Amino acid sequence: MTPERAQHTPALSFLSVGISNIPRAGLGVWSEIPLTPGMVFGPYEGAIVRKGAEAEKSGYAWQVRKGSKAHHYIEAKSKGSSNWMRYVNCADRKEFQNVAAFQFQGDIYYKTVKPVLPYTEILVWYGDEYASALGVDVKEKRNTESPRPIEGFGCDVCSAFLSSSEALERHRSQHPYMQPDLLHRCPRCSYSTNFQHSLINHLLMHSGDKPHACPHCSKKFTTRQNLRSHLLLHTGQKEFICSTCGKGFAQMGNLRTHERVHSGERPYRCSHCGKDFTQLGSLERHRKLHTRQKPYPCPHCEYRFNDSTNLRRHITSKHTKVFPHLCPCCGKGFTRQRELKNHVVKHHHSEPAELYVPDHDVKHHHSEPAELCVPDHAVKHHHSGDTEICVPDHADIHHHQKPAEAILAESR
């Protein structure tokens, strides 16, 4: 048996081993797909131990009983003789438990006890006393009262939760064809339209296909119009100007979001805690803090992240060391432009505007490595239990592609 056998034995392609959400717990087991209650995993593998003191000391043992008495323990401390189930951690709070251990014919199995969201860690519960003895920081709810209901308006088409009826009405207008009575209907949701090409574009959202590639970076889009909007970032055109502060934007949607900074409007509300946001994307990232979902695993190590931006920064700072923002004075690299600005002012005593390239030029420079360009759906393919991240070849993207200006001209 190999020393790392346990880490490489997830029998199902939708399970993976990565850094746990539980502080100081090391590795944990993650599900890449939704799980339904009643799914059974096992058996738990390990060495047979007869002495209770020895088993409890390891922290990886389950007791097997015969009748009302303990018979032996299955101890999985050794990675060479155990399987992936040794990495299933104890939840830091009972409400986060999603599997329970049970005994069947002398073996230990795990069974899902609630629906498990995709990209969520699988967690069992040992009980307060045993968990504390193993060093698990068991968190207790300080307030035992029922949480107050969050007031708001839910969209009947998507999962958006709005802070006012006016915001709901504006948001709902983004789903104009979500009706079952139009000519061309989507077989996978309630979308329908009178135009066949609109249905074809809509189906790409379900399949994940993005046939329109940017010639300057690795981003891909479902429609040519979305690509055209993106290309404005490379050309530097900013046609939409804020009437309050004069800041320019390449896309009207970005301007509308920016204007909420001046108006104070935050139409998107978290249904868990009531916090409001200016845009739906920010709410969706925030929501993952409540659900503990981390859809973006690092292709180089076991860390996972709740959004693609944090993954890109991690890859840059920990693995590739190819930074998108470089100091022109000393060559030090940064993942964020504001970090470069602060560095220039603090260490070189110069105005940032004199020393760094404009953001759109640095951000989309042709030397940016493919590893930094994470696809929108980080986990698309699962083969042999390993999570495969589909990062396109950067050289292929640039080869024989038309410049941004040419594509923009064609689409006009």
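Which side chain makes a polar contact with the side chain of S16? The views below start from the whole chain and then come to that pair.

**View 1. The whole chain, a predicted model.** Welcome to this structure: local features here need pLDDT of at least 70, side-chain atom pairs count only at pLDDT 80 or more, and totals for chains, interfaces and linings use all residues. Residues are numbered from 1 along each chain as its sequence is written, and side-chain values use heavy atoms, leaving out hydrogens and water. The chain holds 12 helices and 27 strands; these are DSSP runs numbered from the N terminus, with helices being H or I of at least four residues and strands E of at least two. Of its 412 residues, 39% are buried, where buried means under 20% relative accessible area, exposed over 50%, and partly exposed in between (1.4 Å probe, protein chains only).

**View 2. S16 and its partner in a polar contact.** Look for S16 in strand β1, which covers residues 15-19. S16 is buried, with a relative accessible area of 7%. Its side chain meets the side chain of E32 in a polar contact at 2.5 Å. Such a contact is a pair of N or O atoms within 3.5 Å; within protein, one must be able to donate a hydrogen and the other to accept it, and residues adjacent in sequence count only if both atoms are side-chain atoms.

**View 3. The hairpin of β5 and β6.** Strands β5 (residues 61-66) and β6 (residues 69-75) pair in the antiparallel sense over 6 bridges; pairing requires that DSSP finds at least two bridges between two strands. A61 has E75 in β6 as its bridge partner. Between the strands are 2 residues, and G67 in the turn has a positive phi of about 70 degrees.

**View 4. Helix α6 and what covers it.** The 12 residues of α6 (residues 252-263) should span 16 Å, and the end C-alpha atoms are 17 Å apart, which agrees. The expected span is 1.5 Å times one less than the number of residues. L255, T257, H258 and R260 are the buried residues of this helix, and their cover includes β18 (240-241), β19 (248-249) and β20 (268-269). Just after α6, G264 takes a positive phi of about 80 degrees.

View 5. C329 is partly exposed, with a relative accessible area of 44%, whereas C155 is buried at 9%.

Notes: Contact = heavy atoms within 4.5 Å.
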